[in-house]
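Please open the structure in your viewer and keep the selection tool at hand.

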Amino acid sequence: MKLKNSSSLRGEITVPGDKSISHRAVMFGALAYGQTNIENFLTGEDCLSTISCFRQMGVDIQLHGKQVTVVGKGFSGLQEPKTVLDVGNSGTTTRLLLGILAGSPFHACIIGDESIAKRPMDRVTIPLRKMGAQIDGREHGTYTPISIRGGNLNAIHHQSKVASAQVKSAILLAGLQGNGITTVEEPYKSRDHTERMLKAFGIHIEETGCSVSIKGGQSLTATNIYVPGDISSAAFFLVAGAIVPNSQITLRNVGINPTRTGIIEVLKEMGASLTIEEKGNAFEPMADLTIETSSLVGTEISGEIIPRLIDEIPIIALLATQAEGTTVIKDAAELKVKETNRIDTVVQELKKLGANIEATDDGMIIKGKTPLKGGTTVSSHGDHRIGMMLAIASFICHESIFLENAKAINVSYPSFFEHLHLLATT
């Protein structure tokens, strides 16, 4: 795909529904008793993989545009799938599904695409085995394909080495089916969409600092869910509005869950002109965000903020190329086990465009302000967030760029290029 620069980006858009929340709304609706109605569902490929897997287990799910209805019959209503469960490119589907299947008294096999086959699942399979699930797979269940037969589960107290909402959620979903109280402790608090949504479905949870506990034997009751706009998707346009000359962009109904707003804090720290107009929502806070072209300065990004912006680091790296001074990103080794090794791919692709950027063991160092040249071919490496970052970069390159494997963006933002075109021609 050929991409060229733009003199400005102006207008307003509504980014797609939050990917993390869309996944969970379908899953929890499938596990609840009654009909759950979901509005503003993200119809990206990852979330459609979740729907497909639960349909294979006998759950009635109807999809009409961005509206979804799920008729659940509780954990016991799940049926043994007749074929393998294909999660596509979705790590969330893989790990949370393992937690759900850990207590289901039948056999299932999970596979995914080439990217999923490289992502470590032992951070989930090891604690689930301790709880009583029978799990095997490539390298003893470290990688997909993974085979699982659930059964009677026992509660555990798990101290996670990483702040991961996927790990935490998988263990809590297993704990919900177990005997006793299951607790997960993290080094930092990861995104809390699971906790918020389980409460909306009637589940009692205890939270203390970075620790979450859940008592087994509770049942979910169907409810209605409105999915706010995905702040991880909004991040690409927030950065675009800040670095493209003569720009002003308003993003409507974006989720501003405190465990996800690291990108907003970084933008403010770097001097971005950003206004936030908060709006109500039943269980997840939302806001309209307006960003304007800004004079930016470098900063250090590390420690407890990293789990709250881990998916936004590729676009933050681009932002840093247009900031005066040096930006240092640390404590982000988790980037190595995302859809790609995002440390290496971000550095590799931005260097092609002329960025002054170097990789470190747990992050990167970016020196700005650096003009980007373009006039070359770049690649998403099959990673949707790398693809979107490079598309935004094209708007400030002196020459056009050619983006390979742009279709990877459909995983989380099917209307991305439509929205880009709208803002560039408003």
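Helices α2 and α3 are roughly parallel to each other, because angles under 35 degrees count as roughly parallel. To find them, select residues 45-56 for α2 and residues 91-101 for α3. Helices here are DSSP runs of H or I with at least four residues, numbered from the N terminus. The model is predicted: local features need pLDDT of at least 70, side-chain atom pairs count only at pLDDT 80 or more, and totals for chains, interfaces and linings use all residues. Residues are numbered from 1 along each chain as its sequence is written, and side-chain values use heavy atoms, with hydrogens and water left out.

The axes of α2 and α3 cross at roughly 25° and come within 10 Å; axes are lines fitted to C-alpha atoms over the stretch in contact, and angles run from 0 to 180 degrees between N-to-C directions. This crossing of α2 and α3 is right-handed, meaning that the near helix is turned clockwise from the far one by less than a right angle.

Next, display the side chains where the two helices touch. D46, T50, C53 and F54 of α2 meet T93, L97 and I100 of α3, contact being heavy atoms within 4.5 Å. The residues of this contact of α2 with α3 comprise four nonpolar, two polar and one charged. Ala, Val, Leu, Ile, Met, Phe, Trp, Tyr, Cys and Pro count as nonpolar, Asp, Glu, Lys and Arg as charged, and the others, Gly among them, as polar.

Now select α9 (residues 313-321) and α11 (384-393). Their axes lie 8 Å apart, at an angle of about 25°. That angle makes α9 roughly parallel to α11. In α9, P314, I315 and L318 meet R385, I386, M389, I392 and A393 in α11. The contact of α9 with α11 has seven nonpolar residues, no polar and one charged.

Which residues lie nearest the centre of the largest pocket? Select A163, S164, I310, E334 and K338, which are among its 38 lining residues. A pocket is an open set of points on a 1 Å grid over the protein atoms alone, where a 1.4 Å probe fits, with protein on both sides within 12 Å along at least five of seven lines; lining residues have an atom within 4 Å of a point. The lining includes 17 charged residues, beside eleven nonpolar and ten polar.

Finally, select N89, D113, S115, H381 and G382, which lie nearest the centre of the second largest pocket. Its lining has three nonpolar, nine polar and ten charged residues.

Definitions and conventions
Parallel < 35°, antiparallel > 145°, perpendicular 65-115°, else oblique.
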